[in-house]
Amino acid sequence: MSKTTYQHLPGPVGDCLKPASLATTATVPVSPTSSLVFTTGHIGLNLATGALVRETAEAEFEAIFTCLDAALKNAGANRGLAQGYRFVSYLVSAEDEIVMQKVFRRMVPGHTPTWCTVLVKEINVPGMRAEIAAEGVLYHES
């Protein structure tokens with residue numbers, strides 16, 4: 001079985017994590033025909049600039065899911081969020097879960113992955129509402 005492959009998302013978001021030596025995704029072979037992809041937790045960063053997005057809850061969640069989509073695609077999950085089978089969200093406020101789910105359903109209509117939401121006192125980056133991690137699956141040609 002192949003080794004785990006750790007990767008950085010290219011661009012400003014990946015650059016933000018490089019100094020901390022944190023990978024943004026990991027690909028783990030499960031069988032000869034599939035691998036699992038694990039992302040790091042993502043906060044609301046503008047994918048093009050790396051700037052924090054916190055004007056509204058909706059804008060922040062859209063930025064988070066855009067980063068997660070890019071991280072999954074970068075790891076080989078060409079359908080991005082649609083290949084995510086498990087999400088874990090860390091929210092500062094329970095009221096934001098409704099907004100988060102609304103944004104996700106708009107971005108990935110009809111997709112129903114497993115989901116765990118944890119309420120936390122704060123996110124590591126002050127002022128952010130949420131951090132979300134995803135797991136996806138890659139199917140290889142046999």
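I began with Phe87, which counts as buried because its relative accessibility is 0%. My cut-offs: buried is under 20% relative accessible area, exposed is over 50%, and partly exposed lies in between, with a 1.4 Å probe and protein chains only.

Ground rules next. I am working on a predicted model, where local features need pLDDT of at least 70, side-chain atom pairs count only at pLDDT 80 or more, and totals for chains, interfaces and linings use all residues. I number residues from 1 along each chain as its sequence is written, and side-chain values use heavy atoms, with hydrogens and water left out.

**Aromatic rings**

I looked for ring pairs. Rings of Phe, Tyr and Trp (its six-membered ring) pair if their centres lie within 6.5 Å; planes under 30 degrees apart are stacked, over 60 edge-to-face, and the rest tilted. I get five aromatic pairs by this rule. Phe87 and Phe104 are edge-to-face, at 5.2 Å centre to centre and 70 degrees between the planes. This pair links distant parts of the chain, with Phe87 in strand E4 and Phe104 in helix H3, 17 residues apart. I take helices (H or I, at least four residues) and strands (E, at least two) as DSSP runs, numbered from the N terminus.

Phe104 counts as buried, since its relative accessibility is 2%. Phe104 also pairs edge-to-face with Trp115, at 4.9 Å centre to centre and 85 degrees between the planes. Here helix H3 is linked to strand E5 (residues 114-119), 11 residues apart. Trp115 has a relative accessible area of 24%, so I log it as partly exposed. Ring pairs join Phe65, Phe87, Phe104 and Trp115 into a cluster.

**Nonpolar cores**

I define a core as a set of buried Ala, Val, Leu, Ile, Met, Phe, Trp, Tyr and Cys residues joined through side-chain atoms within 4.5 Å. The largest has 20 residues; Phe61, Phe65, Leu68, Leu81, Phe87 and Ile132 have the most contacts inside it. Two or more residues each come from helix H2 (57-74), strand E4 (84-91), helix H3 (96-107) and strand E6 (130-139). H2 gives the largest share, six residues. Apart from this core I find another, of nine residues, including Ile43, Ala70, Ala71 and Met128.

I then checked Leu81 for contacts (heavy atoms within 4.5 Å). Leaving out residues up to four places away in sequence, Leu81 touches Phe65, Leu68, Asp69, Leu72, Phe87, Phe104, Met107, Val108 and His111.

**Cysteines**

How many disulfides does the structure hold? I count zero, with a cut-off of 2.5 Å between cysteine sulfur atoms. Cys67 is buried because its relative accessibility is 0%. Cys116 is partly exposed, at 34%.
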